[in-house]
Each structure stands twice: as C-alpha cells, then as structure tokens.
Number of protein chains: 2
Amino acid sequence: METNELQMIISQEQLLKHWQGHRGLTRRIIEAFPEEQLFHFTLGEMRPFGEMAQELIGIAGPGIKGLVTREWEPLNEEHGVEESKEKLLALWDQATIEIDEWFPKLSTEDFQDTVKAFGQYENKVYCSLMYFIDNEVHHRGQGYVYLRALGIVPPNFWEH
Amino acid sequence: METNELQMIISQEQLLKHWQGHRGLTRRIIEAFPEEQLFHFTLGEMRPFGEMAQELIGIAGPGIKGLVTREWEPLNEEHGVEESKEKLLALWDQATIEIDEWFPKLSTEDFQDTVKAFGQYENKVYCSLMYFIDNEVHHRGQGYVYLRALGIVPPNFWEH
C-alpha cells in the first residue's frame, strides 16, 4: 500500500497521545472503585471491572510490542494481581511506559501493513491499534455503569 | 499546521469507514432492545439507551456538517421520536447518509484546524471526530450492560 496515495489526516504522535489520554481516564476509573467492588461487583453476569482492566493490560503492552516485532504470545487476560488495586495500577503504569517506548518504533508504513495480532486477529496495524483503544473505551463505559450503580460519581468522560 | 511535517498514518477514507462501522454496530444494539426497555430501562439513575442514542444522533449529522461549514446550532439531544424504535432508527439512518455526504467535503488540511464544535467545544477537527466516535463507543458499552442486565445477549463488540 502506497501511503502517499491516501489522504492522510492523523499523525502517529497524535494517535499515541489519543491512546494515552484514554488510558489516563481508565486509570482514574480503576481508582474510583472501592477495592472490594473492583474485583467482585458485577451486573448482568458480566465480569468485574478489575477483570476487564486485566484484559486491557493483556492487550496494551504485548499488543504494541507485537505490532512492532511481529512476534506474538497468546493473549493473557489474567495477571495475578490478587485482588489488589495497587498491584493492578502498577501493571497499568508499566503498560503506559511500554506503550511510550514501543509505539514510536513503528514506521509510518507499518500502519498500513496487515498483521495477525496475538496470532489470531488479522487486521491492518492502524485498525488493530484503534481496536485496542475502542475496546478500552467500550469496557470503561461499562465500568461507568458499575460505578453509577454503586452510587459513585465517576470522572467526566471528556476529561482526559 | 503543516501536515506534511507530521508522520501521518490514517487516511480520511479509513476514518470514515471506521466511524460508519461503529455506527452499524450501535444500530444493532438499538435494534436489540425491546421498544419499552429502549426508552425506559435504566441502571444507576442513568439515561435509558434510547436517550443516549438521541444524543448520538444530535452529534453525528450536525457535527460533521458543522465541521465542514463551521456554522453551528446548539447541540440538540431530543428528537421527538415518541418512544418509537422505528422513528429512532430512521433518524439513525438519516445521519448515516448525512455523514457519507459531508465527511468527504473536509479537506486534508481541515483535520488539523482548531474549531469550536457546537459553538462550545474547542478542539482540532480530527479530535472532534474522534470524540464523536469515542462518545458513541462509550455509551454503546453502557447499552451492552443494560442488555445483559435484561438477559439479552448483545451482538459481539468486534463484529462491525
């Protein structure tokens, strides 16, 4: 794919900033949960938000590394945080550092390459990244409902 | 802003397709609600999903038109659908047509311009568009919890 044939509108640095902005808000949603409810409160037989957050951690760091190296481990959604909000947040912050480290290693051309993320999800690199972000926004929206149902006022969605 | 100084990675057509893909899934979430619950079921004192969908309709068509024309009406989140799922879906489909019509009228350079969306939200054009999309994913995630709490299995998130 010749990227110069396309009308390109969003830069690599802008997408990184967009992703990290969302991750900052998701971190504040994790923080807003009481520890007990983070790992046990559910609605509609869905997962507790602490489990959704571990899925996001399993995607973020390994995802960006895989998009750069094209080497993949199977998706790991359990990280042994032992119901500790502090441990979960430490893993979250580790992923933040890994994203900042690996994202700039992608070349402009890489974004239009087709890859098989985690060895199974075939998509263009930019689509995989947008899926990582959208999946986080999707689950975070669910976390907002959990917080509201617990009587907790969550941070505003538009404040990154 | 000289766009050719930036490492551009996503094209205008790709962002349009991404947005419309999300909107197709949101339409299926609207359809998945029984009409009564669409306009009345809530959790945590939040809005019914039918009201959230009207907010999204108020943003989508008027939003893309405003980004092109730079003329804005105040955001309107109520569209008099009179608790009719059919009327709500008709407005949804109208917005789909408007987006396809107006989105290509943006020039490549427009995306890096700073605008005041709906006369009040100052941001770059590409950021406004990504906000429109993220806001939809956020509320749709909430709709997923409502459906699960109603015992309804929603369409898979990754099937656009």
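Leaving aside its neighbours within four places in sequence, which residues is B:Gln20 in contact with? The partners are B:Thr96, B:Ile99 and B:Asp100, where contact means heavy atoms within 4.5 Å. Before going on, a word on the model: it is predicted, and local features need pLDDT of at least 70, while side-chain atom pairs count only at pLDDT 80 or more. Residues are numbered from 1 along each chain as its sequence is written, and side-chain values use heavy atoms.

B:Gln20 is found in helix α1 of chain B, residues 12-32 (a helix is a DSSP run, H or I, of at least four residues). With a relative accessible area of 16%, B:Gln20 is buried, because buried means under 20% (1.4 Å probe, protein chains only). Its side chain also makes a polar contact, at 3.2 Å, with the side chain of B:Arg23; such a contact is a pair of N or O atoms within 3.5 Å, one able to donate a hydrogen and the other to accept it.

Now let us turn to the two chains together. Here 34 residues of chain A are in contact with 34 residues of chain B. The two chains bury about 3500 Å² between them, 70% of it on carbon and sulfur atoms; this is the accessible area (1.4 Å probe) lost on being put together, summed over both. On the chain A side, A:Ile9, A:Ile10 and A:His138 lose the most area to chain B.

Strands take part too: β1(A) and β1 of chain B, residues 8-11, pair in the antiparallel sense over 3 bridges (pairing needs at least two DSSP bridges; a strand is a run of E of at least two residues). Within this pairing, A:Ile10 has B:Ile10 as its bridge partner.

Definitions and conventions:
Chains lettered and ligands numbered in written order. Buried < 20%, exposed > 50% of the residue type's maximum accessible area, 1.4 Å probe, protein only.
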